[in-house]
Amino acid sequence: MKVINASWKNRPKKARDILIAIVVFSVSLIAFLTALANIDLSSTTMKYDDRYIEFKESWVYSSRGGAGIITDLPYWANLEPGEDAVISRTIPRMDSPYYAFVTRNYHQRITAYINGEQIYEYPSATESLTEVILTDDWLTIRVPQDSVGKIFSIKIHAGLDGYNGYINPPFFGEDNAIFAHLRDEYKVPYALGVSLIAIGFLLILVSTIYTRNFSERRHFLLGFVFISLGLWFADRSRMPVFLVGSNMKFFMAFSVLNLVPLLIVLYIGERFKHHNQLVVNCMTVAAIILDLVLFSTAAVGKAPFHALVPYVYIAILIALLYAIYLMLYYAFGKGRKFLNRIQLNSARLEFISAIILIVGSALGLLWDAFSTNNWSSSHREWSGVGTIQVLSVVIFAFFHFIILVYNSYYSALDSEATQKLLHDSQLQLMMGQIQPHFMFNTLSSIRTLIKVDPDVAYDMVYNFSNYLRANVDNLTNLEGIPFSSEVQHIQSYVEIEKVRFGDRLNVEYDIQESEFLVPPLAIQPLVENAIKHGVCKRPEGGTVWIRSYSDGYNNIVEVADNGVGIPPERMEYILGNDDENYFGDSFGITGGRELNLTGNGSESHRSTGMKNIIMRLQEMSHAELKIESEVGKGTLMRVIFPQL
């Protein structure tokens, strides 16, 4: 067979279209993220930097009814759950006519006062949300214009888990200027979160459009993993976005994060289908139980959602470590022998990206700890996410997008090459079936029977014409035919051979299932092999059994005989996987060794053989051929067609 040229001009059109479309998607993504990272969602910070101040110094702090102390913010109060702390200071004069305090709450109840009169409460008395869903969003506390010189106080109530009363320095001034500053301050981590969402959607989109036979469900699952993490990271970026209520936004972000362990486990099950599914099933059940336990714990008021985040992180880490173990096994371990060159390259790229993810996350935690002098403090904000951690996940996602591009492109080459190979193999198989010696023998038998038994000759002409018609009609059929049609073809062939071999050949049928698709000329050669190289090799002949049935998951076709059997060395030759792949370097098509399946065994009558049949069964029907044979007792060939 000819080898496909690997140059750009000679790439199949579908593969070029895929690559062009993916490049367009990628450029669009990069342009979107670049614009997002550089846009100021409100206005330029320089224009308003004189209209707000950040209050860090000279706050009066008091708790447990004790005397106040002067301190700077941020401050970590040593509060027990349920205790209160108060910070206060005098409101300065500002040139702007509009005043507001903007502070970031850390999962605590907050009440604000001016000269002891309450002006703000979070959550408000009208909100029905409990402490389990208290967020850590930015809060805007508007101050009356006549408040200059008055005492502004914030009372912080440490709830179920109040981070020991963590107090963040508030901003004071025009709230639009403050939010312009905050959006500029946190645009990078926010853009990283949004980019993760975009990559997730791209994975789903590209795999939906270009994945062959809709079989790569793992990219869908991974896309949802990235979307879920992106939503969580975008919420954790501290970017002030008020599309929905603060508490509802945090609840939604935690909910999608809680699904990530389960999605990762489902991805592992789809990505490594043939590796210890029992472990994956157990992890799936454990992830579902974890989801139920966490939500139940919060529902009964035993712990707030933000205190449950570490358990979700631990579950994600366990799932990731198991995935990395499997990646290592297939990329560099014993599992690599099961992969072709493209699959091996993808597996190694995937493993490298996973290592970057783990190392980046660890470095991010160390950086956060040392940069805040917070290595062992109990106020550690587990619901927060550092930029380095987010960046490592984005790199991991980008690697997977590259893997999908890589696989999609070469899958298109593979698909088009396979279509050509199927057509060529079908032509070769048909020519192998209509061999000159078979036609001459059949016509010679008909000529003799015309004088001896005209009725039998009449039936034989009918069967022979049906046999030829089926071969010609199926020449270009790459979609499959009903098994009932294949049975008719088999019956025509068997009737011809019965005339030739007489009482030495007996064929029995047990067809329980017939309305499913099979590749044309896939089962009949197995019957031919059982007759010519099985029972008819015995002087006394024998019986061939043709059966079809369903086990509930698969349609199964069996061709059995009580002939001479297949020697072990020939069986190894038939099913060998050494150098008989159909796809060689540069994704060209190479001819494998041929196995004589029909005819008299001469070179001129050699067929494409069992390799041809196995390839067509796999590519057209995802079917599997299993052969059991014992020398002197017979052979059983079982074809398993999944019920798709």
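**Loops first.** I looked up Pro 74 and found it in the loop between strand S3 (69-71) and strand S4 (75-76). Here strands (E, at least two residues) and helices (H or I, at least four) are DSSP runs, numbered from the N terminus. A cis peptide bond joins Leu 73 to Pro 74, with omega about 5°.

I note that this is a predicted model, where local features need pLDDT of at least 70 and side-chain atom pairs count only at pLDDT 80 or more, while totals for chains, interfaces and linings use all residues. Residues are numbered from 1 along each chain as its sequence is written, and side-chain values use heavy atoms, with hydrogens and water left out.

I then checked Pro 123, which sits in the loop between strand S8 (117-122) and strand S9 (138-143). Tyr 122 and Pro 123 are joined by a cis peptide bond with omega about -10°.

Next came His 107, in the loop between strand S6 (99-104) and strand S7 (109-114). Its phi is near 55°, a positive value in a residue other than glycine.

**Helix pairs.** I followed helix H6 (residues 246-271) to helix H8 (residues 305-331): their axes come within 9 Å and cross at roughly 20°. Axes are lines fitted to C-alpha atoms, for helices over the stretch in contact, and angles run from 0 to 180 degrees between N-to-C directions. H6 and H8 are therefore roughly parallel (angles under 35 degrees count as that). I counted the contact residues by type: 21 nonpolar, two polar and no charged. Nonpolar means Ala, Val, Leu, Ile, Met, Phe, Trp, Tyr, Cys and Pro; Asp, Glu, Lys and Arg are charged, and the others, Gly among them, are polar.

For helix H13 (residues 483-501) and helix H14 (residues 524-532), I read axes that come within 10 Å and cross at roughly 20°. That makes H13 roughly parallel to H14 as well.

**Handedness.** I have H6 and H8 down as a left-handed crossing, and H13 passing H14 as a right-handed one. Left-handed means the near helix is turned anticlockwise from the far one by less than a right angle, and right-handed means clockwise.

**Last stop.** I looked up Leu 363 and placed it in helix H9.

Conventions:
Angles under 35 degrees count as roughly parallel, over 145 as roughly antiparallel, 65 to 115 as roughly perpendicular and the rest as oblique.
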